[in-house]
Every structure is written in structure tokens, then in C-alpha cells.
Amino acid sequence: MSNVYEKLVRKEAKLAVIGLGYVGLPIALEFARRIKVVGFDINEKRVEMMRRKEDPSNELEPSEFDGCDIHFTADLEDLRDVEFFIVAVPTPIDQQNIPDLTPLLGATRTVGQVLKKNDYVVYESTVYPGCTEEDCVPLLERLSNLKFVEDFKVGYSPERINPGDKEHTLSSIVKVSSGCDPESSEIIAKVYELVVKAGVHRAASIKVAEAAKIIENTQRDVNIALINELSIIFNRMGINTYDVLEAAGTKWNFLKFQPGLVGGHCIGVDPYYLVYKAKELGYHAQIIDSGRYVNDSMGGYVAKQTVKKVIASGTNPADARILVMGATFKENVTDIRNSKVADVVNELKSFSCHVDVTDPHADAAEVKHEYGYELSHEMKGPYDAIIVAVNHSDYANKDEAWFKGMLKPKGVLVDLKGIYRTRIKDLTYWSL
Ligand SMILES: NC(=O)c1ccc[n+]([C@@H]2O[C@H](COP(=O)([O-])OP(=O)(O)OC[C@H]3O[C@@H](n4cnc5c(N)ncnc54)[C@H](O)[C@@H]3O)[C@@H](O)[C@H]2O)c1
């Protein structure tokens, strides 16, 4: 009997991707250029958009839907003849920074209801080590009345794509994969090799693959936290962090991290999954937790530094007009989820400052819905301070004359990413 890999290649079996967001849609389309795919999402509006070749996450062009053998659906019935499931739904945290597995378990319930003997389920959502086998598999077994390993196979293969990054794409980055036994591990890796040109690394187990993903982002978070802490120290010393990093970066093994706001739904979220699991096992992950504390505090810190400069310029914060440039969680993306710019804005407002926020990429209605403030279409100077919070390429060419035109004579330029560091001569300037 042929295995599921061979059936997929011969188009005798279907692969489904559950959850078609930043991660799910690109992988679904990539597979659909070679094999039969069902793209399933619970959000009917998003399904409608994808049928019209529109990517709801604004990452893919309509042409990238061309030549794909894919059926977009929100109907469970369309999953009944699927033999290989990939789950790529969000794994957020709640208000208390505790993992919120609602979407993951919801998607697992969907799969559990249609799971058949010999089917495969591979999770791509970022989770803590153990989540796939301890939280998801029992639900699959219960709903399908089938036995894990014996009747159906499960694997884990984390995603590494980076929103807005056109160089590191799904097919050009090595993918880690794993299975619940040697046979499934090999079959899952071969299925991914259909689309990942850079190759597939077979991890030793599902838990190892889960841990590998979570530490990639935890390592970045802790390193950025260290640089953020250094920037707080250097600020007290009156030296510029970017100057220090430029000097230290001439050493061959110095790690090149920069200070900044850590937002988004990966780096600022994933370490909490590891902290949670460690705590469950009786260990308080102090370094990871401290990194999260430092990075989560940066928005408030930036706002306070700005207010201090405004006061020093002779303006009462309640009379100050401040422009914040950039609202997305990082440069050149439209995604505003978990953007720490909101922390800067809220802290400024707590000092009674009048704040205008502008962004060439963010959607005004989404910002209003998520954070409760309006995006300004126009920048109406003069301002007491301008905070360039995100290094969108649209901002790269602004020069001192432009900022002078937007600021009051004693106005302050706060340049979080140090973009204008070498270009500002007269203005009061501050960066992390
Ligand atoms: N965005 C990234 O760059 C990135 C990179 C690596 C890993 N990840 C991880 O991948 C996972 C998915 O993230 P994302 O950014 O693609 O999320 P997303 O929010 O962009 O998309 C998730 C999609 O899943 C759908 N969905 C939610 N619950 C569902 C359910 N029960 N059944 C079916 N569909 C459901 C939503 O409607 C949405 O279309 C997360 O675990 C994330 O941490 C994301």
C-alpha cells in the first residue's frame, strides 16, 4: 500500500491547512502548486477574500494564487477526504501573559471530528515543548476514537518566516520537522521537501522540534532585552548606544542586536510559553522572565524620556503636542498586533500630552479598534517632540530640515532606531 506522501504526490490524497494567516496561507499556496490542497479557515470573510486571490494578511500578491490547486473553505465537510492536516492557527497569550490555547484546541477539535485511520496531523503553531502530545493529541484521540501512533500519526514542524522579509521565504529557509515515530518523521520531512528547497532538518522528536522553535525567539528576546538594558544604562552615562554598538560590533564575535520596542505575535509572546511550561515543571525561568520585563517596559521608558526632554525645553506636558511616526509592530509591515508603540502613546497620554500618530502602512480602522486612537492622515506641526518609533523605509530619507520644519524651535527628535544619528546637527536629539 502506498504511503500518504506517495498518494499526495500522485494527487490521490489531499493536504489541508487549518488557519490561513501569515503562516498558513503561504504554505498552503506553496503546496497547492504541486499537490491537491484544501485551505480551511473559520473566518468566512477571510475565506471569501482568498477566493478572490486577496491575502487578508497583505503579504502575498494576487499572482501568487495563480496555478494553485486549492479549495478555500470554512466548511468542515470539505475536510472529510483529507489525509494530511497542517495546523497553523494563532497561539497568543492572555492578559496575564499565560498561553491561550483556544484557537489551537479549536483547530484540533475540527481535525479530530474528521480524522480517519492512517491520517497525519502536523502542527506548525508555536507552542511550548509538550503541547502537541500533552494538549492536542488526547483531544484528537477522544474525538476520533482512534489511537495515537497506531491509527494516526502526529508531527510538529515550526515555521520560521519573517513578515515583510522577501529574502527569507518559506522555500528558502531550512525547515525543522518531526514525527511521533521514525516512519512518520521521514514521511513528514519528505512532504515538506516538496516545497522547501533549502532542505528539512529531521528533529529527534516532537518535543525537540517544539523546543527548537521556542528558543529561537527566546534567544532573540533575551538578547534584545540586554541591549535595551544597556541603553538605559548608557543614557544615564550620556553616551549613545548605537555609537557603542558600532564600536563593539567591530569584534568578530560580538552579537549584533539593537535596542527597541519588542512587539508582534512572536518574539514578544513565545518566551511566555516557555516561562509558563518551566513554571509548571517547578522552575522559575528568571532570565527569560527578566528579558520580557525589560522589553515590555520599553514603551513606557521611551515616553518618560520624551516627556523629560519636553519639560526641559520649557513646555508643560499638558500643553505639549507630540507626533509619533510608526504604529506597526515593526518596519514595512501592516501588522499592528501587539505593537508596543501603543505603550508609548498611552504613557504620553497619561502625562496629558496631545499625541498624533501616523503610519503609512497601518490601517486606521484596525488601529482604532485595537488601541482606541485615531491615526492622523496629515502631520500638522509644529510639534514639541517627534518620536520616530518604527524604521519604515518611507522615513529613511527625512533629513534635519524636514524635522525642523515639523518641530517648534526647541522641539525634540526622538529616534528610537538611531536612523538619523549621523545626520542631526542642531536639533535636540535622543535615541535609545
Ligand atoms: N506570523 C509569523 O511571522 C509567524 C512566524 C513563525 C511562527 N508563527 C506562528 O504560527 C502560528 C500562526 O500565526 P499567524 O501569524 O499565521 O496567525 P494569523 O493570526 O495571521 O492567522 C491565523 C489564521 O487562523 C485562523 N483561525 C483561528 N482559529 C482558527 C480555528 N480554530 N480553525 C481554523 N482557523 C482558525 C484565523 O482566522 C486566521 O486566518 C502562531 O503559532 C505563530 O506564533 C508565526
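The model is predicted: local features need pLDDT of at least 70, side-chain atom pairs count only at pLDDT 80 or more, and totals for chains, interfaces and linings use all residues. Residues are numbered from 1 along each chain as its sequence is written.

**Exercise 1.** Classify the angle between α7 and α10.

Solution. Helices are DSSP runs (H or I, at least four residues), numbered from the N terminus. α7 spans 206–237 and α10 spans 286–312. Their axes are 8 Å apart, at about 55 degrees. Axes are lines fitted to C-alpha atoms over the stretch in contact, and angles run from 0 to 180 degrees between N-to-C directions. Under 35 degrees is roughly parallel, over 145 roughly antiparallel, 65 to 115 roughly perpendicular, the rest oblique. Therefore α7 is oblique to α10.

**Exercise 2.** Classify the angle between α4 and α5.

Solution. α4 is 102–114 and α5 is 131–144. Their axes come within 8 Å and cross at roughly 30 degrees. The two helices are therefore roughly parallel. Residues in the contact include L104 and L105 of α4, and L139 and L140 of α5.

Definitions and conventions
Contact = placed C-beta atoms within 7 Å.
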